[in-house]
There are 2 protein chains.
Amino acid sequence: MRWCRFQSGDGEPTYGLVEGDRVVEVQGTPFGAYSRSAVSHALADVQLLIPVMPSVFYAAGVNYREHITEMAKIGAVDPVFPAAADVGYRANNALVADGHPIVIPADATDLVQYEGELVVVFAKDCYRVSEEEALDYVLGYTIGNDVSERTWQRTDRTLWRAKNTDTFNPMGPWIETDLEPDGLKVTIRLNGRKVFTYGVGDAIFSVRHYISRMSQYMTLHAGDVLWMGTDGPTENMKHGDVVEIEIPGIGVLRNPVVREGM
Amino acid sequence: MRWCRFQSGDGEPTYGLVEGDRVVEVQGTPFGAYSRSAVSHALADVQLLIPVMPSVFYAAGVNYREHITEMAKIGAVDPVFPAAADVGYRANNALVADGHPIVIPADATDLVQYEGELVVVFAKDCYRVSEEEALDYVLGYTIGNDVSERTWQRTDRTLWRAKNTDTFNPMGPWIETDLEPDGLKVTIRLNGRKVFTYGVGDAIFSVRHYISRMSQYMTLHAGDVLWMGTDGPTENMKHGDVVEIEIPGIGVLRNPVVREGM
């Protein structure tokens, strides 16, 4: 199943099921009881929203060797691979939907870069589960772009504005439920040019491992999201660019880039 | 005004106004339209909940000189004072209400310590405001205890379990609206013994400065919270202890401490 969240008329955001080029309205949510309604819309006519607003927005951060190596090169330091699956955080204010502009603040440097990654969405509360059980708590998967201002990332004490400036976390377009994460491929395109492809399964720590380890200390709640990190080098995005993250089996997350004041 | 959130019967959490030893039920929330109802309860009969569930849980982290100096001593390093008000994050899973036990996991060391601090609660969305305007966006103030496992804090790549283990962020008991933050005093008591008192106004970066700076890059939303950091040395808490954070003008946040498996 393919769950989306969209604006239907002037009302509250509504969940729907994407079936081909149609969206079937649903009463309820994917996190509780729901039923299909008799109402459907052409997908092209629907304004997709962020597919879920999490109570906690988890991010694996550094989780792929080639990305860590490339980032270390820029900083002229030796790459340091994480010794354990220590999860980090992003913030909901930065979330925007598929199609929404990424807005680069006027005072950001040119080093504003994409990071295309798989996003895990939890179906139900999860506490102290094994790696074998971990995926039983997953509703499905969507796509994230962890936009990063590299100068701020190096100079600030935390990642607050480097990675959490408003619009810096596009997520969508929807949540696909019937997938095995380890076999997925992520492709990033800038203005239609493929810049990198990597396999989710090349992660240092797998989806199953992250979920199991996190859940030993904290309850993961229905609707929480876990962004799995990116691989490879990343390039600058500038005003007028369009960045796409594609994960076959899910879809394409596509966002235009705008620099404030241009 | 003193806003609380409580469980009234089997229904949804309800907002109320604390007036003396009574709680007046309110229809609506402090973040939008509301009206007083004719129903009130004895405060002693009411089960207080976390006063607000934020969409983003901001934490100033290191913001007081004596705390930074004491933490540096433990790590046998020189104290490093922050150069700018770079905000950090905590996670909603760790929030518990006044009176709820702080549960120390079985594998935590003895170095589980309180950090008593002022919490700012936002009233409405706030973007690119000046320091002079900053407090116009504040609903009021509550109290937080940023419980910290110091071994994990030093060894893990992020603060995920050191500061975000379930129950590690007591917040409450309610939100007091009519206060000037800089003049407030914070007193921490362990089993009734006063362990430290400090002035909120001794912070390296003030409430006004944090809000203004954060809002240059991110929209602070109604109901979001900003924990301002703690001052002074901190002590271990063990099974059977009771920790209290008092801020005169707000009240007392009191939580018992339980070690898992004891």
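In this predicted model, chain B is superposed on chain A by a rotation of 180° with 0.0 Å of shift along its axis, at an RMSD of 0.0 Å. That is the relation of a two-fold axis. In general, the relation between two copies of a chain consists of a rotation about an axis and a shift along that axis.

The two chains also touch each other. Chain B contributes 23 residues to the contact and chain A contributes 23 residues, where a contact requires C-beta atoms, placed from the backbone, within 7 Å. On the side of chain B that touches chain A, β7 (88-89) and α3 (160-164) each supply at least two residues. The largest share of that side comes from α3(B), with three residues. By class, the side of chain B that touches chain A holds nine nonpolar, nine polar and five charged residues. Of the interface residues of chain B, 100% are also interface residues in chain A, so the copies meet through the same surface.

Within a single chain there is a further division to follow. Chain A splits into domain 1, covering 2-48, and domain 2, covering 57-259. Their C-alpha centres are 25 Å apart. The contact between these domains of chain A draws seven residues from domain 1 and 14 residues from domain 2. On the domain 1 side of this contact in chain A, strand β1 (residues 2-7) gives the most, with three residues. That side of domain 1 of chain A, where it touches domain 2 of chain A, comprises six nonpolar residues, no polar residues and one charged residue.

Methods:
Residues are numbered from 1 along each chain as its sequence is written. Chains are lettered from A and ligands numbered from 1 in the order in which they are written. This is a predicted model: local features need pLDDT of at least 70, side-chain atom pairs count only at pLDDT 80 or more; totals for chains, interfaces and linings use all residues. Copies are superposed by least squares on the C-alpha atoms of residues with pLDDT of at least 70 in both. Two residues are in contact if their C-beta atoms, placed from the backbone, lie within 7 Å. Domain bounds come from an automatic or database domain assignment. Helices (H or I, at least four residues) and strands (E, at least two) are DSSP runs, numbered from the N terminus. Ala, Val, Leu, Ile, Met, Phe, Trp, Tyr, Cys and Pro count as nonpolar, Asp, Glu, Lys and Arg as charged, and the others, Gly among them, as polar.
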